[in-house]
Amino acid sequence: MIKNFIERVGAMNCVMLLVVFSIIVFSEYLYLSGKQLDAIFVAFWAPTILGFMNYLKYKK
C-alpha cells in the first residue's frame, strides 16, 4: 500500500509531504507550549512549501 503510493506520487514528493507534516506538528507543539507568534511564523512554512511544490510540478 505505501509502496504503491510512493510509486504513484514520487519519492521526492513523499519526502516533502513528510517535511510539511512535521512542520505542522512542530507548529502545534509551539502553539500549545505558549509560543503563539513563533507557531504562526512556523505554520506559514507548510503552505509555502506546498505552493513551491506545485510551482515546480507545473513549470514545464
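**The nonpolar core**

Mentor: Happy to! The largest nonpolar core has 6 residues in all: Val20, Ile23, Leu30, Ala39, Val42 and Ala46. Such a core is a set of buried Ala, Val, Leu, Ile, Met, Phe, Trp, Tyr and Cys residues joined through side-chain atoms within 4.5 Å; buried means under 20% relative accessible area, exposed over 50%, and partly exposed in between (1.4 Å probe, protein chains only). At least two core residues come from each of helix H2 (11-32) and helix H3 (36-43), and H2 gives the most, with 3 residues. Helices here are DSSP runs (H or I, at least four residues), numbered from the N terminus.

Please keep in mind that this is a predicted model, where local features need pLDDT of at least 70 and side-chain atom pairs count only at pLDDT 80 or more, while totals for chains, interfaces and linings use all residues. Residues are numbered from 1 along each chain as its sequence is written, and side-chain values use heavy atoms, leaving out hydrogens and water.

Now to Ile23: neighbours within four places in sequence aside, Ile23 is in contact (heavy atoms within 4.5 Å) with Val42, Trp45, Ala46 and Ile49. Trp45 itself counts as partly exposed, at 40% relative accessibility. The whole structure holds 2 aromatic pairs, that is, Phe, Tyr or Trp rings (six-membered ring for Trp) with centres within 6.5 Å, called stacked under 30 degrees between planes, edge-to-face over 60 and tilted for the rest. Phe41 and Trp45 are edge-to-face because their planes stand at 75°, with ring centres 5.6 Å apart. Phe41 is exposed, at 53% relative accessible area.
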